[in-house]
Amino acid sequence: MKILFVGESWVVHMIHTKGYDSFTSTKYEEGATYLLSCLRQEGIDVTYMPAHEVQVRFPQSLEELKAYDAIVLSDVGANTFLLQNPTFYQMQIIPNALELMKQYVAEGGGLLMVGGYLTFMGIEGKANYRNTILADVLPVVMMDKDDRVEMPSGFSPVVSQPHPLVNDLGEWPRLLGYNKLSAKPGAEELLSHEGDAILTVGTYGAGKTAAFASDCSPHWGSLEFMNWEHYSAFWSKLIKYLN
């Protein structure tokens with residue numbers, strides 16, 4: 001199975017102030033390194049695309065997308081796909097990357113969105129997928145505002161209904177937050193927390209879709225989750241399910 005994993009990268013620009021003087025430093029980080037290594041060990045062929053490379057490397061045609069069995073979007077907002085350099089700086093008319101993904105799923109591709117500060121609606125609503133055509137494709141209903149639920153004391157999702165993706169995993173480790181979602185009619189809510197959908201699967205056209213409302217890595221992905229004995233098996237089964 002071959003997947004395109006997009007997102008889970010960021011640049012941190014810091015101002016250090018020491019008395020009268022100050023200076024800046026910048027660092028680049030990727031959050032999915034451990035997850036991607038787990039997927040590769042489970043036999044999944046992963047092409048990783050950090051968020052800033054979407055501008056120059058994201059497929060520009062349906063044929064290019066069909067080289068992959070599934071797409072994973074994690075912590076990368078809709079603007080990254082909709083405001084690519086040729087459009088924003090040169091006013092060029094180019095294919096809508098989200099429309100390409102919609103067609104890709106309708107014709108049999110898989111799509112998984114993983115929660116975070118810039119997924120679903122995200123912090124201050126900046127991820128903004130509710131107001132894009134991917135809202136038609138995903139198996140969940142998103143809020144129309146900042147949808148984060150911060151859980152500093154942790155929460156453990158519970159199984160909503162038996163399903164091969166969540167059977168035999170025992171008690172879930174605690175997570176530190178999630179995007180507030182609800183399952184669409186006809187979709188299957190597999191994990192929940194106090195009425196909110198944490199893991200939902202569905203279909204769109206000929207393709208399979210999934211939405212995991214919490215994070216695959218820190219900080220919502222707690223150390224307890226990252227060290228969970230079923231971490232690797234859970235993610236690999238979820239992604240293989242999309243094929």
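R130 is partly exposed, at 35% relative accessibility; buried here means under 20% relative accessible area, exposed means over 50%, and partly exposed is in between, with a 1.4 Å probe and protein chains only. The model is a predicted one, where local features need pLDDT of at least 70 and side-chain atom pairs count only at pLDDT 80 or more, while totals for chains, interfaces and linings use all residues. Residues are numbered from 1 along each chain as its sequence is written, and side-chain values use heavy atoms, with hydrogens and water left out.

Back to R130. Its side chain meets that of D144 in a salt bridge, 3.6 Å from N to O. The pair links distant parts of the chain, 14 residues apart: R130 lies in the loop between strand 6 (110-114) and helix 7 (134-137), and D144 in the loop between strand 7 (140-142) and strand 8 (148-155). Helices (H or I, at least four residues) and strands (E, at least two) are DSSP runs, numbered from the N terminus. A salt bridge is a side-chain nitrogen of Lys or Arg within 4 Å of a carboxyl oxygen of Asp or Glu. The structure holds 10 of them.

Next, E224 and R174, whose side chains form a salt bridge at 2.8 Å, N to O. This pair also links distant parts of the chain, 50 residues apart, with E224 in helix 8 (residues 223-226) and R174 in the loop between strand 9 (158-159) and strand 10 (175-179). E224 is partly exposed, with a relative accessible area of 35%. R174 is partly exposed at 43%.

Then K180 and D196, with the closest N and O atoms 2.8 Å apart in their salt bridge. K180 has a relative accessible area of 33% and so counts as partly exposed; D196, at 7%, counts as buried. There is also a network of salt bridges linking D146, R148 and E150.

Now the core. Which residues touch the most other members of the largest nonpolar core? They are F58, L73, F81, Y129, F212 and W235, out of 76 residues in that core. A nonpolar core is a set of buried Ala, Val, Leu, Ile, Met, Phe, Trp, Tyr and Cys residues joined through side-chain atoms within 4.5 Å. Leaving aside neighbours within four places in sequence, F212 is in contact (heavy atoms within 4.5 Å) with residues including L112, M113, W172, F234 and W235. F234 and W235 are among the buried residues of helix 9. That helix, residues 231-241, is mostly covered, with 8 of its 11 residues buried.

Last, the pockets. On a 1 Å grid over the protein atoms alone, a pocket is an open set of points where a 1.4 Å probe fits, with protein on both sides within 12 Å along at least five of seven lines; lining residues have an atom within 4 Å of a point. A volume is the space filled by probe spheres set on the points, which are joined across faces, edges and corners.

The largest pocket has about 190 Å³ of space. Helix 4 gives the most to its lining, 3 residues. The lining of the largest pocket divides into 6 nonpolar, 4 polar and 2 charged residues. Ala, Val, Leu, Ile, Met, Phe, Trp, Tyr, Cys and Pro count as nonpolar, Asp, Glu, Lys and Arg as charged, and the others, Gly among them, as polar.

The second largest pocket has a volume of about 150 Å³. Its lining divides into 3 nonpolar, 3 polar and 3 charged residues.
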